[in-house]
Amino acid sequence: MEEIKTIKTQEDAIKLLNIALEHEWAVSFEYTIHAYSMPKAKFFYEDPIMKHRTDARAQTIQIGIDEMYHALQLGIIIAQMGGIPSFKTDQVMRYPKIMDNLKRDKMTEDMVTDLYQSAEFEEGAFPKIENMVWNISYDEVRHSRQFEAMMAAMKKEGAEEALCFQSRPENREKEEVQLLHEITRSENALLHQYLKYVLLFSEHQDLSQRLFKNSIDHMRHWDKNSGLLIKMGDVIQIENTVKDKNGVETSQSPMPAAYPGEDRLTVLETLIPAEEELIAKYEKLISLVEEKEIKEQLELHLALNQEHLFTDEWLLKNAKKIKGLK
Ligand SMILES: [Fe+2]
Ligand SMILES: [Fe+2]
Ligand SMILES: [Fe+2]
């Protein structure tokens with residue numbers, strides 16, 4: 001992560017916000033992946049903020065969602081200031097042991113708290129942004145304490161060596177597992193692609209809220225699919241990953257860094273074939289899968305993507321009805 005200490009000009013402010021944004025994209029992805037790689041309702045801890053016995057996996061997902069909201073806040077401000085929100089991400093990692101992932105997550109939180117809290121704004125230059133940065137930093141302080149409590153609980157239970165789910169080698173030959181990986185990657189990419197347009201059209205609330213709804217549906221599908229992968233004896237993959245001899249995975253580009261479409265028409269024209277392609281993949285997968293429960297879940301995803309396609313097609317047709325609409 002790059003550092004920027006003193007913020008005087010609009011350019012400095014956009015730079016700081018984009019550095020933060022690239023970090024937030026990476027962690028929202030990384031924490032969710034870490035959570036999806038561990039068992040549900042197995043490791044509980046006493047949450048120091050909520051004062052409640054909490055499932056470490058569920059809370060790690062919740063923290064990932066907090067990070068996505070940070071990204072959204074930062075992206076909207078960047079767009080409103082006339083900057084271009086970055087979709088590049090910092091590096092992400094996954095260790096074979098759950099404990100090592102939590103250690104990294106806590107370390108990341110402390111590092112980003114420092115980035116936010118050490119930014120020096122010239123007095124009176126960007127008061128609202130300065131305030132936002134402080135507010136985000138205290139979410140990071142909370143996250144750090146929560147990860148710390150998760151680690152302490154795992155240590156106490158003697159679960160320090162507990163491993164993440166692994167992919168069964170025979171799954172490499174199974175068409176349905178490989179197709180589900182492909183679909184899951186597309187769901188994540190579409191979730192971010194829709195978010196780009198939410199940022200782009202933040203002024204047009206009717207359009208941005210419809211696109212946001214679709215983005216959230218893709219997030220839910222991504223979440224459910226990662227559970228289905230575990231049922232199939234697999235685990236969610238990270239794109240472009242390099243695995244070292246200790247099984248530690250590192251990726252510099254865990255998801256697409258750019259998405260097409262720059263205005264109302266080109267955006268909507270881009271989304272329609274993307275949804276059609278995803279629908280075709282779900283139809284294929286449903287025909288391959290035999291287990292009833294998995295099939296039914298996939299059918300729900302397919303149905304919502306049909307709804308997205310309907311919405312996107314009408315957004316495009318309606319946009320074309322009005323001359324000069326940008
Ligand atoms: Fe964050
Ligand atoms: Fe955080
Ligand atoms: Fe969709």
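A residue counts as buried if 20 or more other C-beta atoms lie within 10 Å of its own, as exposed if 12 or fewer do, and as partly exposed in between. By this criterion Val141 is partly exposed, because 15 other C-beta atoms lie within 10 Å. Val141 belongs to helix 4, which covers residues 127–156. Its C-alpha atom lies 7.3 Å from that of Asp110, although 31 residues separate Val141 and Asp110 along the chain. These values, like those that follow, refer to a predicted model.

The secondary structure of the protein chain consists of eight helices and seven strands. Along the principal axes, the C-alpha atoms fill a box of roughly 55 × 50 × 40 Å. The radius of gyration is 21 Å; a compact globule of 326 residues would have a value near 20 Å, and the two therefore agree. Of the 326 residues in the protein chain, 38% are buried. Among contacts with a separation of 6 or more, 76% involve residues 24 or more positions apart.

The domain assignment divides the protein chain into domain 1 (6–156) and domain 2 (169–321). The centres of domain 1 and domain 2, taken over C-alpha atoms, are separated by 23 Å. Across the boundary, 19 residues of domain 1 are in contact with 21 residues of domain 2. On the side of domain 1 that touches domain 2, at least two residues each are supplied by helix 1, helix 2 and strand 4 (92–94). Helix 2 provides the largest share of that side, with five residues. In composition, the residues of this side of domain 1 comprise twelve nonpolar, five polar and two charged.

The largest nonpolar core contains 72 residues, and those with the most contacts inside it are Leu17, Leu21, Leu74, Tyr194, Tyr197 and Val198. At least two residues of this core come from each of helix 1 (10–36), helix 2 (56–80), helix 3 (98–117), helix 4, helix 5 (175–200), helix 6 and helix 7. Helix 1 contributes the largest share, 14 residues. The core also draws on both parts of the domain assignment, with at least three residues from each of domain 1 and domain 2.

Helix 1 has 27 residues, and the distance from its first C-alpha to its last is 39 Å, close to the 39 Å expected at 1.5 Å a residue. Because 21 of these 27 residues are buried, helix 1 is largely enclosed by the rest of the structure. For Leu17, once neighbours within four places in sequence are left aside, the contacts are with Leu74, Ile77 and Ile78.

Helix 8 (residues 292–321) was examined in the same terms. At 1.5 Å a residue, its 30 residues should span 44 Å, and the end C-alpha atoms are 44 Å apart, in agreement with this expectation. Leu298, His301, Asn305, His308 and Asp312 are buried in helix 8. The cover over the buried residues of helix 8 includes helix 6 (205–231) and helix 7 (264–288).

Asn101 is located in helix 3. Asn101 is buried, because 23 other C-beta atoms lie within 10 Å, at or above the threshold of 20. Apart from neighbours within four places in sequence, Asn101 is in contact with His34, Arg94 and Tyr95.

Lys51 lies in the loop between strand 2 (44–47) and strand 3 (52–55). Lys51 counts as exposed because it has 8 C-beta neighbours inside 10 Å. Asn240 occupies the loop between helix 6 and strand 6 (241–243).

Conventions
Residues are numbered from 1 along each chain as its sequence is written. Chains are lettered from A and ligands numbered from 1 in the order in which they are written. This is a predicted model: local features need pLDDT of at least 70, side-chain atom pairs count only at pLDDT 80 or more; totals for chains, interfaces and linings use all residues. Helices (H or I, at least four residues) and strands (E, at least two) are DSSP runs, numbered from the N terminus. The radius of gyration is taken over C-alpha atoms; the globule rule is 2.2 Å times the number of residues to the power 0.38. Two residues are in contact if their C-beta atoms, placed from the backbone, lie within 7 Å. The expected span of a helix is 1.5 Å times one less than its number of residues. A nonpolar core is a set of buried Ala, Val, Leu, Ile, Met, Phe, Trp, Tyr and Cys residues joined through C-beta atoms within 7 Å. Domain bounds come from an automatic or database domain assignment. Ala, Val, Leu, Ile, Met, Phe, Trp, Tyr, Cys and Pro count as nonpolar, Asp, Glu, Lys and Arg as charged, and the others, Gly among them, as polar.
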